[in-house]
Amino acid sequence: MKLLTLEKINDLSAKPDRCMQDAPLGNIDFSCPFVPEIYTQLYFTDSYSQLSFEEKLHYNQLFGARMNEQFLVFEEDFTNTVLRIFLQCFSVSDDLKAAVEKMILEENIHSSMFEKLNRASFPDLFQKSSRFFTKLSFAERKMSQWILSFPGMFMFPVWLIPLLEEYSLKFSKDIMGKNSGMLGSLEENYVRVHAEHKKDEVRHVHIDIYILEKILSHSGSLKKKINRHLLVRFLRKIIIPRRSGPAVVKEFVKRNPRLREFLPVMLRQSENLSSNQEFVNSLFHAEMMPVTDYYMKEFTGIQLKDIFSFAGENSI
Ligand SMILES: [Fe+2]
Ligand SMILES: [Fe+2]
């Protein structure tokens, strides 16, 4: 699989029509769902069928805000941290440096766009902070900052960048189809923001692979072996809905008191989703992330199906 050349990437990123535009938002239409149903967690549980149409719509809108928040947190706290450390730790070509520097600026624009969209959607939740559903503890923040400070040693989390960028590409493509599933046409502002986001992410995925190639070229076989093992464990852990997904369910129930007695069941069913192959495939699958899957195989010898298909669980 051929990557875009860095020259081409830098060329494209200089063209305004090939970059995300920070356009003003219109009024949010609360009669519409915000995201396709298959991107929400409860959709994969039995509880979902027990909800009325209005409740499904309400849950979908809260989950849509959670998705914006996750993109924002990931790009601000994770991606840009890794990119800055990468530029500090490795000597790279001028082309790669320019591409990474532009990517950092673009991720900042994305974060502010997602923040604006969430504030327009749920001002009560996002007025004071851009983070409502995703809150890391102090220890978790420190631990991840420490690991990310050594990309030459612990490169396994870096794979999360192309994985989630290809996930966002698939999400943008699906949202641009304007169809939520059974809840009707998607909200126009959401369609527009995520369509704009796609313009930059198409290039970013290729930059990520150049970064990983560079980091891996400085790694010996023992380091690669350790990181391969950590990558598998890490990716299998993050598919368990532990924090932001359940936080959406709690907020949803808080706003819909009829559902209070079902809260424990809904939370249990969400937490069990990591053993639901259909749900796991909706998060990480080679068809959704062909570039990452291809280069993960090239660079580490493993593929997404080895990590995420339960039949293959003991093979790594
Ligand atoms: Fe982004
Ligand atoms: Fe990106």
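Is Ala14 buried or exposed? I kept in mind that this is a predicted model. I counted 11 other C-beta atoms within 10 Å of Ala14. Exposed requires 12 or fewer, so Ala14 is exposed.

Next I placed Ala14 in the chain. I found Ala14 in the loop between α1 (6-13) and α2 (53-89).

Then I turned to the whole protein chain. I listed its secondary structure and got 13 helices and zero strands. The radius of gyration is 20 Å, close to the 20 Å that the globule rule gives for 316 residues, so I noted the chain as being as compact as a globular protein of that length. The C-alpha atoms fill a box of roughly 55 × 50 × 35 Å along the principal axes.

I checked burial and contacts too. Buried residues make up 38% of the 316 residues. Among contacts with a separation of 6 or more, I found that 79% join residues 24 or more positions apart.

Last entry: helix α7. I traced α7 over residues 188-217, which gives 30 residues. From first C-alpha to last, α7 reaches 44 Å, close to the 44 Å expected at 1.5 Å a residue. Where does α7 bend? I located the bend at Asp200, and its angle is about 35°.

Note on methods. Residues are numbered from 1 along each chain as its sequence is written. Chains are lettered from A and ligands numbered from 1 in the order in which they are written. This is a predicted model: local features need pLDDT of at least 70, side-chain atom pairs count only at pLDDT 80 or more; totals for chains, interfaces and linings use all residues. Helices (H or I, at least four residues) and strands (E, at least two) are DSSP runs, numbered from the N terminus. The expected span of a helix is 1.5 Å times one less than its number of residues. The bend at a residue is the angle between axes fitted to the seven residues ending there and the seven starting there. The radius of gyration is taken over C-alpha atoms; the globule rule is 2.2 Å times the number of residues to the power 0.38. A residue is buried if 20 or more other C-beta atoms lie within 10 Å of its own, exposed if 12 or fewer, and partly exposed in between; C-beta atoms are placed from the backbone. Two residues are in contact if their C-beta atoms, placed from the backbone, lie within 7 Å.
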